[in-house]
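Here is a short briefing for a reader new to this structure. Look over the sequence and the model first, then read on.

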Amino acid sequence: MTNIGWLIIFCEIGFWIFVLAGLITRYVFKKNKLGAAFLLCTPVIDLILIVASIIDLKNGQQATFFHGIAAYYIGMTVAFGHQMIRWADQRFAYKFANGPKPQGKPRYGIERARIERKGWIRHLLGWGIGNVLLFSIVLIVDDKERTQEIYNVIYIWLLVLVIDFIISFSYTIFPKKTNSTISK
C-alpha cells in the first residue's frame with residue numbers, strides 16, 4: 001500500500017476519533033463547547049488528506065487508486081458527514097444524557113423509498129464533489145501520464161453510483177411491504 005493509502009486509513013480513523021472525542025466530551029464530561037470543538041476539527045482531517053494527495057503528486061508520484069479514493073472520501077464526508085455525526089450524536093444523547101430514543105429507518109413502504117432516494121442523492125453529491133477535486137488535481141499536477149489512474153477511479157465510482165441508483169430506486173418502483181400487508 002502506498003503512503004497515501006495509509007494516510008486515508010489514518011484520516012478515516014482520525015475522523016471517528018474526533019467524532020467520539022467530541023461526543024464523549026459533550027455527553028460524558030458535560031463540556032459542550034469542547035465537544036463541539038472536537039467535532040469541528042473533523043473537516044481539518046479532510047483538508048490534510050487532500051493537501052497531502054496534491055503534494056504527493058506534485059512531488060512526482062504516479063497517481064494511484066488511493067489518490068482517487070482520497071478525493072471521493074472527502075466528497076462522501078461532505079455529503080454524509082453531518083448525517084453520520086447526527087446519527088452518532090442521537091445515540092450518545094440517548095445513552096448518556098437521557099435523550100429521546102433514536103428512531104430507526106423505516107423498513108417498508110413509501111417512507112423507506114424516500115430515504116433510499118435521498119441517500120442516493122447524497123451519494124451523487126459526494127461523487128460530484130469528488131470529481132471536482134479529482135479534475136482539480138489533474139489540472140494542478142498537469143501531467144496526463146501520471147494522473148491517468150484518476151480517470152480509472154472515476155469510471156469505477158461511476159459504476160458504484162449506477163448500482164446504488166438501481167438499488168435505491170428499486171424501493172420506489174417495488175416498495176418493500178410488511179408481512180401483514182403481503183398476506184392481506
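**A loop residue to start from**

Asn98 sits in the loop between α4 and α5 (109-141). Helices here are DSSP runs of H or I with at least four residues, strands are runs of E with at least two, and both are numbered from the N terminus. The model is predicted: local features need pLDDT of at least 70, side-chain atom pairs count only at pLDDT 80 or more, and totals for chains, interfaces and linings use all residues. Residues are numbered from 1 along each chain as its sequence is written, and side-chain values use heavy atoms, with hydrogens and water left out.

**Loop residues with positive phi**

- Asn98 has a positive phi of about 55°, although it is not a glycine. This residue comes just after α4.
- Asn98 counts as exposed, at 77% relative accessibility. Exposed means over 50% relative accessible area, buried means under 20%, and partly exposed lies in between (1.4 Å probe, protein chains only).
- Asp142 lies in the loop between α5 and α6 (144-173). Its phi is near 55°, a positive value in a residue other than glycine.
- Asp142 counts as exposed, at 65% relative accessibility.

**Helix α4**

- Helix α4 covers residues 65-96 and has 32 residues. Its end C-alpha atoms are only 40 Å apart, short of the 46 Å that a straight helix would reach at 1.5 Å a residue. The expected span is 1.5 Å times one less than the number of residues.
- A kink of about 55° in α4 is centred on Phe80. The bend at a residue is the angle between axes fitted to the seven residues ending there and the seven starting there.
- Asp89 is also placed in α4. Asp89 is buried, with a relative accessible area of 18%.
- Leaving aside neighbours within four places in sequence, Asp89 is in contact (heavy atoms within 4.5 Å) with Leu23, Arg26 and Tyr27.

**The chain overall**

- The chain has 7 helices and 0 strands. From the N terminus, the elements run α-α-α-α-α-α-α.
- The C-alpha trace spans about 60 × 45 × 25 Å along its principal axes.
- Of the 184 residues, 35% count as buried.
- Among contacts with a separation of 6 or more, 74% come from residues 24 or more positions apart.
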